[in-house]
Amino acid sequence: MNIPHIVIIGAGFGGLNAGRHLKNAPVRITLLDRQNYHLFQPLLYQVAIAGLLPSQIAYPLRTIFRGQKNITFQMGEATEINLEARYVRMNGSVIAYDYLIIAVGAETNFFGMDAIERGGFQVKDIQAAIKTRNHLLKMFEQASREADAEKRRAMLTFVVVGGGPTGVETAGALAELISHVMVKDFPGLNLAEARVILLEANDHLITPYPHELRHATFDLLGRKNVEILLNAKLADFNGQTVTLGDGSRIETQTLIWTAGIKGAEALDPLKVEKAGAGRVRVEPTLQLPQHPEVFVLGDAAFLTNGDGQPLPMLSTVAIQQGKATAQNIQRMINGAQPKPFYYKDPGLLATIGRNAAVARIWGVSFSGFIAWVIWVFLHIFRLVGFRNRILVFVNWAWDYIFYENQIRLITKE
Ligand SMILES: Cc1cc2nc3c(=O)[nH]c(=O)nc-3n(C[C@H](O)[C@H](O)[C@H](O)COP(=O)(O)OP(=O)(O)OC[C@H]3O[C@@H](n4cnc5c(N)ncnc54)[C@H](O)[C@@H]3O)c2cc1C
C-alpha cells in the first residue's frame, strides 16, 4: 500500500484525538497502547473515593474506533522508539512508520522519595485508584474494631499531599465520604475523630488559578472540615507516621500522593532535548527538532504559549494538540507547511465537593453551586461513550439525593 503509515503511541486524550481527526485522511494508522481502553483521568479520584466504578470512566479502544476504517489498534507496550531508523518496537515486533505521534502522557513523580513511592497511595491509573479505595475502606473497617483510641485515630487520619486540583478534589471528596456516608455505615464509630489533612509545600492552593479562586478553595475545603497545612513539606512516610520538613509528625496509615508528575517512562531513552519533569521540547508545530516526521503532544510535550509560560499538563491541551497534529500531518502529506499550535484556553474548573467548585471561564472567576453544576455537566459531556455518560449521571444523581457512595467495595487487587 502506497499511502503514508502513521503510528500513534498512546490512546489518551492526545493520541485518541489525533486518530479521530485523521479519520478521512488517505493514511494508514496504527494506534498502540498498553491498555485496551481510553481512560478519563480527571475522574480517577472518584474511583479512589468509592464514587464511581472504573468501567464508568474508561472505554474500550476497539469500540471507539470500530467505525474508522483507516485505523488499527494494537495493545502492547512500546519499548523502543528508533528515530533514526523510523520504527517502534512493541511486544517484540517492529513497526515502521512514515509519521510518528508520541502521546504517551505522564506518570507520578515522587522526586526520588522511595519511601513515599513504596508506602503512599496514588490516583494516577485505575489499578492505583482501586488500591487507594480498598485501603481507605479497610481503614474504617479496622478502626471499627480497634479498642485503642490512639491507634483508631491514626487509622482515621488521612493525609493528601499536593494542593493542586487533584489533591483538592480528593481531599474534599474524602471529607464528604466521611461526613455523609461513613457516619451512616459505622454508627458505632466516632467519626468526629476522623481527619482529612491536605499538605501543600507552597503558601497557597491550586497554583495556576487566580488568587480569588485560591481563597475560595481554601474556604470551601475548610467548610468541609479539611485541615489545610500550607508551607508544609513532606519529609518522610514509613507507613505509620508522616514526618514534615519542620520535624512535626502526623500518625496515619494513609498518605495519598498527588504532588507531582513527570513525562512517561517511554520518553526516558529518547536522545532529544528535554525540559523539566522529562517532557520533550517540541517546535511550535509540535514536531521534534531534527525529526519533522515525529510529533510529540499532550503531557509528554513541553511547549510555551505566547507569554512564555509552559502549557499546562491538562486534557484540554492534549485534545487540542491531537487535532492540530492531525491537521499538520495532512498539510505535510499535501506538500504544505505545518502550522504552529496555539492553545485556546477554555478556562479553569475544579470541584471541592457537593455544591462546591471554583471556575474561571471567559475571564470571569466564580465559585460555589453554579461552578459545581458546570463542572458536573462538563465532565459528563466529556466522557467517552453515551452509556458511561448516562451511568455517571445516574450514579451522581443517586449519590446527591441519597448521600451515598455506592461503590463501597473492598475487592481483591
Ligand atoms: C488524577 C488526575 C486528575 C486530572 N484532572 C484533570 C482535570 O480536571 N482537567 C484536565 O484538563 N486535566 C486533568 N488531568 C490531566 C489530564 O488527564 C492529562 O493532561 C491528559 O490525560 C494528558 O493526555 P495525554 O494524551 O498526553 O496522556 P494520557 O491521557 O495520560 O494518555 C497516555 C496514554 O499512553 C499510554 N502509554 C504510555 N506509555 C506507553 C507505552 N510505552 N506504550 C504504549 N502505550 C503507552 C497510556 O496507557 C495512556 O493511555 C488529570 C490527571 C490525573 C492523573
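Residue numbers start from 1 along each chain as its sequence is written, and side-chain values use heavy atoms, with hydrogens and water left out. Because the model is predicted, local features need pLDDT of at least 70 and side-chain atom pairs count only at pLDDT 80 or more, while totals for chains, interfaces and linings use all residues.

Start at the ligand. The shell around the ligand holds 28 residues. A residue belongs there if one of its heavy atoms lies within 4 Å of the molecule. The closest are Gly14, Asp33, Gln41, Asp299 and Ser315. By class, the shell has twelve nonpolar, eleven polar and five charged residues. Here Ala, Val, Leu, Ile, Met, Phe, Trp, Tyr, Cys and Pro count as nonpolar, Asp, Glu, Lys and Arg as charged, and the others, Gly among them, as polar.

Now look at single atoms. The side chain of Ser315 puts a polar atom 2.6 Å from an oxygen atom of the ligand. At Phe13, a backbone N or O atom lies 3.2 Å from a ligand oxygen atom. Arg34 uses its backbone too: a polar atom there is 3.2 Å from a nitrogen atom of the ligand. The protein buries 92% of the 1000 Å² that the ligand exposes when taken alone. Accessible areas come from the Shrake-Rupley method with a 1.4 Å probe; for residues, only the protein chains shown count as cover.

Which helix gives the most to the shell around the ligand? That is α9, with three residues. Both α1 (13–21) and α9 (315–333) supply at least two residues each. Helices and strands are DSSP runs, numbered from the N terminus; a helix is H or I over at least four residues, a strand is E over at least two.

Seven of its nine residues are buried, so α1 is mostly covered under the definition used here: buried means under 20% relative accessible area, exposed over 50%, and partly exposed in between (1.4 Å probe, protein chains only). The buried residues of α1 are Phe13, Gly14, Gly15, Leu16, Asn17, Ala18 and Gly19. Of these, Gly14 is listed with the residues closest to the ligand.

Strand β1 (residues 5–9) contains His5. Is His5 buried or exposed? His5 counts as buried because its relative accessibility is 6%. The His5 side chain makes a polar contact of 2.6 Å with that of Thr30. A polar contact is a pair of N or O atoms within 3.5 Å; within protein, one must be able to donate a hydrogen and the other to accept it, and residues adjacent in sequence count only if both atoms are side-chain atoms.

Next come the strands. β12 (residues 195–199) and β13 run parallel, joined by four bridges. Two strands pair if DSSP finds at least two bridges between them. Ile197 stands opposite Glu227 in β13. Side chains alternate along β13 (residues 226–229).

Together, β12, α8 and β13 make a right-handed β-α-β unit. Right-handed means that, with the strands pointing away from the viewer, the path from the first strand over the helix to the second runs clockwise. The loop between α8 and β13 holds Lys224. Lys224 is buried because its relative accessible area is 18%. A polar atom of its side chain lies 3.3 Å from the backbone oxygen of Arg354.

Compare β17 (residues 254–257). Both of its faces are covered: Thr254 and Ile256 are buried on one side, Leu255 and Trp257 on the other. β17 pairs with β11 (residues 157–161) in the parallel sense, over four bridges. Val161 stands opposite Trp257.

Gln290 is not a glycine, yet has a positive phi of about 75 degrees. Gln290 sits in the loop between β20 (287–288) and β21 (291–296). With a relative accessible area of 71%, Gln290 is exposed. Tyr403 is also not a glycine and has a positive phi, of about 55 degrees. Tyr403 lies in the segment after α11 (386–402). Its relative accessibility is 36%, so Tyr403 counts as partly exposed.
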